[in-house]
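Subject: Structure handover

Hello,

Here is the structure for your files. My notes on it follow below.

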Amino acid sequence: MKKIGVLALQGAFNEHIEIIKSLGHEGIEIRKTEQLNNLDGIILPGGESTVMGKLLDDFQIKETLINKINNGLPVWGTCAGMILLAKDIDGDENAHLKVMDIKVKRNAYGSQLDSFVTNEVIEEISEKKIPMVFIRAPYIVDIDEKVDLLHKVDGNIVAVRQGNMLATSFHPELTNDTTFHEYFI
């Protein structure tokens, strides 16, 4: 059984916790620095990246989280979580954790009304189609050569991996499909 933390300062953390538990693993809500110890991985959920970034500072989690990720802790950022991981945010000087060699564009697909779902195969993840829910989603506009491109939707990069870091523009936790969580765990 793996011990998977989910950053629980704001956003869609409950959905991730429920899926982790349904897969037979321990899902832990992370709100304090000391909770980052002895984890097998951590998920940075969707939500409001600016608010989450501020709360990482307010709760004094940011530096410890950066150190853990840089020292190999597996991390997966979904939507806002992807923005938190990025070294660069298009049109914004203030990136958050700055650990992943990607540049993201916030709300790239438009407003809440422009949200959509698509079902596609991501070859490295699964041979079957995976539902992908995009809600005010970012996408990646630039990646370093160290980053593996996992998937594009309509020509836009929406899933990448770099070493121990995984990032997706979409929300697997908002579907009944556990494929991506199984892959991460």
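N38 sits in the loop between strand 2 (26-30) and strand 3; helices (H or I, at least four residues) and strands (E, at least two) are DSSP runs, numbered from the N terminus. N38 is not a glycine, yet has a positive phi of about 60°. With 64% relative accessibility, N38 counts as exposed. Buried means under 20% relative accessible area, exposed over 50%, and partly exposed in between (1.4 Å probe, protein chains only).

This is a predicted model, in which local features need pLDDT of at least 70 and side-chain atom pairs count only at pLDDT 80 or more, while totals for chains, interfaces and linings use all residues. Residues are numbered from 1 along each chain as its sequence is written, and side-chain values use heavy atoms, with hydrogens and water left out.

K98 also has a positive phi, of about 55°, although it is not a glycine. K98 belongs to the loop between strand 5 (86-89) and strand 6 (100-105), and at 45% relative accessibility it counts as partly exposed.

In helix 2 (residues 49-58), the buried residues are S49, M52, G53, L55 and L56. They lie on the same side of helix 2, because they cover an arc of only 165° around the axis; the arc is that of the directions from the helix axis to the C-beta atoms. The buried residues of helix 2 pack against strand 1 (3-7), helix 3 (62-70) and helix 4 (80-85), where contact means heavy atoms within 4.5 Å. Just after helix 2, Q60 has a positive phi of about 55°.

Not counting residues up to four places away in sequence, S49 touches A80, I83, L84, H96 and R106.

The buried residues in helix 3 include K62, L65, I66 and I69. Their arc around the axis is only 100°, which puts them on the same side of helix 3. An α-helix has 3.6 residues a turn, so residues three or four places apart point the same way. The buried residues of helix 3 pack against strand 3 (41-44), helix 2, strand 4, helix 4 and strand 12. G72 follows helix 3 and has a positive phi, near 105°.

Strand 4 (residues 75-78) pairs with strand 12 in the parallel sense over four bridges; two strands pair if DSSP finds at least two bridges between them. T78 has T168 in strand 12 as its bridge partner. Strand 11 (residues 156-162) runs antiparallel to strand 12 and is joined to it by four bridges. There, V160 has A167 in strand 12 as its bridge partner. The hairpin of strand 11 and strand 12 has two residues between the strands, and G163 in this hairpin takes a positive phi near 60°.

Largest pocket

The largest pocket has a volume of about 290 Å³. Of the 18 residues that line the largest pocket, G47, E48, C79, I135 and R136 are the closest to its centre. Helix 2 and helix 4 are the elements that give two or more residues to the lining.

On the method: on a 1 Å grid over the protein atoms alone, a pocket is an open set of points where a 1.4 Å probe fits, with protein on both sides within 12 Å along at least five of seven lines, and lining residues have an atom within 4 Å of a point. Grid points are joined across faces, edges and corners, and the volume is the space filled by probe spheres set on the points.

Two further residues

I89 is in strand 5 and counts as buried at 4% relative accessibility. Leaving aside neighbours within four places in sequence, I89 is in contact with I83, N94, A95, H96, V104 and R106.

S115 lies in the loop between strand 6 and strand 7 (116-121) and is partly exposed, with a relative accessible area of 29%. Leaving aside neighbours within four places in sequence, S115 is in contact with F134, I135 and R136. S115 and I69 are 46 residues apart along the chain, and their C-alpha atoms are separated by 30 Å.

Regards
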